[in-house]
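Please look over the predicted model below.

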Amino acid sequence: MPKAIDLTELARLLDAGAQLVDVLSRKEFADSHLPGATNIPLPELDEMAVASLDREASVVAYCFDYE
């Protein structure tokens, strides 16, 4: 289940070894993204796309939402 977190919690998770995945489009990612994020656009999020991620580490997905 998705859970919104603030920047303090994000920093804590990243310090603990979590991976940050930005699911925005390639253009949006190129325009602006969080440092250290890996870009896997949501429509491309499949088994092959995530093969490079560490299966033992937590994953934080980032998607900017206007609402």
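The points below are grouped by topic.

This is a predicted model, in which local features need pLDDT of at least 70 and side-chain atom pairs count only at pLDDT 80 or more, while totals for chains, interfaces and linings use all residues. Residues are numbered from 1 along each chain as its sequence is written, and side-chain values use heavy atoms, with hydrogens and water left out.

**Confidence**

- The chain has a mean pLDDT of 89, and 94% of its residues reach 70 or more; pLDDT is the predictor's confidence in each residue, from 0 to 100.
- Among the elements of the chain, β1 has the highest mean pLDDT (95) and strand β3 (residues 59–62) the lowest (91).
- Helices (H or I, at least four residues) and strands (E, at least two) are DSSP runs, numbered from the N terminus.

**The sheet**

- Three strands form an open sheet in the order β2-β1-β3, with parallel pairing; the edge strands β2 and β3 each pair on one side only.
- Two strands count as paired if DSSP finds at least two bridges between them.
- β1 is joined to β3 by four bridges, and to β2 by two bridges.
- On the β3 side, glutamine 19 stands opposite valine 59, and valine 21 has alanine 61 as its bridge partner.
- On the β2 side, aspartate 22 stands opposite asparagine 39.
- In a regular strand the side chains alternate between the two faces of the sheet.
- In β1, Gln19 and Val21 point one way and Leu20 and Asp22 the other way, and all are buried (buried is under 20% relative accessible area, exposed over 50%, partly exposed in between; 1.4 Å probe, protein chains only).

**Salt bridges**

- A salt bridge is a side-chain nitrogen of Lys or Arg within 4 Å of a carboxyl oxygen of Asp or Glu, and by this rule the count comes to three salt bridges.
- Glutamate 9 pairs with arginine 12, their closest N and O atoms being 2.8 Å apart; both lie in helix α1 (residues 7–15), three residues apart, about one turn of the helix.
- Arginine 26 pairs with glutamate 44, with the closest N and O atoms 2.6 Å apart.
- Arginine 26 lies in helix α2 (residues 26–31) and glutamate 44 in the loop between β2 and β3, so this pair ties together parts that are 18 residues apart in sequence.
- Aspartate 31 pairs with lysine 27 at 2.9 Å between the closest N and O atoms; both lie in helix α2, four residues apart.
- Aspartate 31 is exposed because its relative accessible area is 55%, and lysine 27 is exposed at 59%.

**Aspartate 22**

- Aspartate 22 is buried yet has no salt bridge, and the nearest side chain of opposite charge, arginine 26, is 10 Å away (Lys and Arg count as positive, Asp and Glu as negative; His and the chain ends are not counted).
- The side chain of aspartate 22 reaches the backbone nitrogen of leucine 24 at 2.9 Å.
- Beyond its neighbours within four places in sequence, aspartate 22 is in contact (heavy atoms within 4.5 Å) with residues including Phe29, His33 and Tyr62.

**The loop between β2 and β3**

- Leucine 45 is found in this loop and is partly exposed because its relative accessibility is 41%.
- Not counting residues up to four places away in sequence, leucine 45 touches Val23, Ile40 and Val50.
- Aspartate 46 is also placed in the loop between β2 and β3, and its side chain reaches the backbone nitrogen of methionine 48 at 3.2 Å.

Key: A polar contact is a pair of N or O atoms within 3.5 Å; within protein, one must be able to donate a hydrogen and the other to accept it, and residues adjacent in sequence count only if both atoms are side-chain atoms.
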